[in-house]
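Here's a quick briefing to read alongside the model. Have the sequence and the 3D view open as you go.

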Amino acid sequence: MYKLMRQQMQSLLEGCSLPLPALANCAALLWEHLDRINWAGFYLAKGDTLYLGPFQGKVACTVIPFSKGVCGAAASTRKIQLVPDVHQFPGHIACDSASNSEIVLPLVVHDRLIGVMDIDSPEFARFSEEDAHGLAELCSILVEKVCWKDGLL
Ligand code: SME
């Protein structure tokens, strides 16, 4: 499945590699292919704050400081956050009360944090190491193929 997603992402980026269209289509791709999820999308970094980017799912909080939540932890540590039970995560931000597990991956381009990919699930422990690996490869495609130089926000 992740191989197919990688191929689709590569071909979606062929005609246009501007950040906003790429992230919008990537959110749609995640939403279409991953089952048992209730939110998939991006938060974009400016200073020490994350701002809501392209996503699929219910409306979400628009501003997240690096010091808060799973997204903030991924942004400040630049490490993948694989959270089997969000209710046990200190400072978790409940945008959708249906969410029980979450995975957040940092997007780092030339040592600059662009933002994070965030996926929520109503199922506890929905995301495995295999998901982390597959999603990290998708993030790598975004990092390498998208033209980030003009920034996003
Ligand atoms: N739960 C996230 C906030 C974003 S929503 O999941 C879309 C967090 O704790 O950072």
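Which residues does Gln81 touch, not counting those up to four places away in sequence? The list runs Val70, Ala73, Ala74, Phe89, Glu102, Ile103 and Val104. Keep in mind that this is a predicted model. Two of those names, Val70 and Glu102, come back at the ligand, where they are among the residues that come nearest.

**Gln81**
- You'll find Gln81 in strand 4, which covers residues 81-83.
- Its relative accessibility is 15%, and the cut-off for buried is under 20%, so Gln81 counts as buried.
- The side chain of Gln81 also makes a polar contact with the side chain of Thr77, at 3.4 Å.

**Around the ligand**
- There are 13 residues around the ligand, and the nearest are Val70, Cys71, Ile93, Glu102 and Asp120.
- Val70 comes in with its backbone: an N or O atom there lies 3.0 Å from a ligand oxygen atom.
- Ile93 uses its backbone too, with an N or O atom 2.8 Å from a nitrogen atom of the ligand.
- Glu102 works through its side chain, where a polar atom sits 3.0 Å from a ligand nitrogen atom.
- On its own the ligand would expose 310 Å², and the protein buries 100% of that.

**Leu105**
- Leu105 belongs to strand 5, residues 101-109.
- With relative accessibility at 1%, against a cut-off of under 20%, Leu105 counts as buried.
- Setting aside neighbours within four places in sequence, Leu105 is in contact with Ile80, Gly115, Val116, Met117, Ala132, Leu135, Ala136 and Cys139.
- Asp85 is 20 residues from Leu105 along the chain, and the C-alpha atoms of the two are separated by 17 Å.

**Cysteines**
- How many disulfides does the structure hold? The count is zero.
- As a reminder, a disulfide is a covalent bond between the sulfur atoms of two cysteines.

How values were computed. Residues numbered from 1 in each chain as written. Predicted model: local features only at pLDDT ≥ 70, side-chain atom pairs only at ≥ 80, totals over all residues. Heavy atoms only, no water. Helix = DSSP H or I, 4+ residues; strand = E, 2+ residues; numbered from the N terminus. Buried < 20%, exposed > 50% of the residue type's maximum accessible area, 1.4 Å probe, protein only. Polar contact = N/O pair within 3.5 Å; in protein donor to acceptor, adjacent residues only side chain to side chain. Contact = heavy atoms within 4.5 Å. Disulfide = S-S within 2.5 Å. Near = heavy atom within 4 Å. Areas by Shrake-Rupley, 256 points an atom, 1.4 Å probe, with all protein chains shown as cover.
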